[in-house]
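Subject: Structure handover and notes

Dear colleague,

I am passing this structure on to you. My notes on it follow below.

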Amino acid sequence: MTEALVLGGGGVGGIAWMTGLLAGLAQAGQDVTGADLVVGTSAGSVVAAQLGSGLPLDQLYARQVDPALQSEEIMAEMDVDRFAAELGEVLGQAADAGEVRRAIGRMALRTETVPEPKRRAVIASRLPSHAWPARPLRIVAVDAATGAPRVFDNTCGVDLVEAVAASCAVPCVWPPVSIDGSRYVDGGIRSMANADYAAGASRVLVVVPMGTVEMLPGDKPLEEALEELRASGAEVAVIEPDEGSRTAIGANPLDPATRVPAAEAGRRQGRRTTVEWKASHRTSE
């Protein structure tokens, strides 16, 4: 059996919650971190890279809740009203999901943010190891100019920190990341989880800090990706935050202050969660 772990986007709050959740699951006898394949998007790319660093879960958890071990973060600054107005215009005019991504990419490219090196330093500080792990890891980002997704993996030749930074480049908040002559933004604008990149696995666990509802139109919305995985014969389970975890993550998951409460809530949720695998309900003819 080939197992895949899919980790979705959700800011620093989502990183903390997923870390806590995985630690709680392990404490409850359901350690899922040994999956054969890990797919990470945005916050999920950080957790995926951390899992491949060799540090045990208890130490990764400590890095979220112990102020002495926490990474140095930058408080996100964003003109929310302006972004909402521009995004509303994009959604109203775009003909398809690809055009939505290209329009958001254009917004990201013209927005003033902190310099790329400053943001890269934050990503580097989050990762205990800057080397790609031995097991397959897929990190999803989107080309800001073309809207095309790009999956960085162990064989791509791109630095792990750069790949994670690209996947975490929230449009109009953080700078697009320059790689191979292109600039990349957050893979979450294609899908919050990009679960379809786990195709071929026989068991898939999808963890989504922001829930299962996609915020943007996409080529492969989560529910459609889950249906296709199950139709292919895979057992699939999905975990999203419970009420306590949603409260802990809060309204602004980019706020570093969410880390401790989100990690603690995630661990509590993991300890009392039973992973429920579901396969396709179709009957053979």
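How many bridges join strand S7 to strand S8? Five bridges join S7 (residues 203–207) to S8 (residues 235–239), and the two strands run parallel. Two strands count as paired if DSSP finds at least two bridges between them.

Before the rest, the basis of these notes. The model is predicted: local features need pLDDT of at least 70, side-chain atom pairs count only at pLDDT 80 or more, and totals for chains, interfaces and linings use all residues. Residues are numbered from 1 along each chain as its sequence is written, and side-chain values use heavy atoms, with hydrogens and water left out.

The S7 and S8 unit

In this pair, Val204 stands opposite Val236 in S8. S7, helix H8 (residues 222–231) and S8 make a right-handed β-α-β unit; right-handed means that, with the strands pointing away from the viewer, the path from the first strand over the helix to the second runs clockwise.

Salt bridges

The whole structure has 14 salt bridges, each defined as a side-chain nitrogen of Lys or Arg within 4 Å of a carboxyl oxygen of Asp or Glu. One of them joins the side chains of Arg203 and Glu235, at 2.9 Å from N to O. This pair links distant parts of the chain, with Arg203 in S7 and Glu235 in S8, 32 residues apart. Arg203 is buried, at a relative accessible area of 19%, whereas Glu235 is partly exposed at 25%. The classes are buried under 20% relative accessible area, exposed over 50% and partly exposed in between, with a 1.4 Å probe and protein chains only.

Another salt bridge is between the side chains of Lys220 and Glu224, at 3.6 Å from N to O. Lys220 counts as buried at 18% relative accessibility, and Glu224 as partly exposed at 32%.

Asp242 forms a salt bridge with Arg272, and their closest N and O atoms are 2.9 Å apart. Asp242 lies in the loop between S8 and H9 and Arg272 in the segment after helix H10 (259–271), so this pair ties together parts that are 30 residues apart in sequence. Arg272 is exposed, with a relative accessible area of 56%. Salt bridges that share partners also join Glu3, Arg203 and Glu235 into one network.

Pocket and cavities

The largest pocket has a volume of about 980 Å³. Of the 42 residues that line this pocket, the closest to its centre are Val170, Met210, Met215, Pro253 and Leu254. Helices H1 (11–27), H4 (80–93), H6 (116–126) and H9 (243–249) each supply at least two residues of the lining, and H4 gives the most, with four residues. By class, the pocket lining has 27 nonpolar, eight polar and seven charged residues.

There are three cavities of 30 Å³ or more in the whole structure. The largest cavity holds about 100 Å³ of space. Its lining includes Val12, Ile15, Arg126 and Arg259. H1, helix H2 (43–51) and helix H3 (57–65) each supply at least two residues of that lining, which divides into four nonpolar, four polar and four charged residues.

On the terms: a 1 Å grid over the protein atoms alone is used, where a cavity is a set of points at which a 1.4 Å probe fits but cannot get out, and a pocket is an open set with protein on both sides within 12 Å along at least five of seven lines; lining residues have an atom within 4 Å of a point. Grid points are joined across faces, edges and corners, and a volume is the space filled by probe spheres set on the points. Ala, Val, Leu, Ile, Met, Phe, Trp, Tyr, Cys and Pro count as nonpolar, Asp, Glu, Lys and Arg as charged, and the others, Gly among them, as polar.

Backbone

Ser42, in the loop between strand S2 (37–41) and H2, has a positive phi near 55° in a residue other than glycine. Ser42 counts as buried at 7% relative accessibility. Cys172, in the loop between helix H7 (160–167) and strand S5 (177–179), has a positive phi near 70°. Cys172 counts as buried at 9%.

Regards
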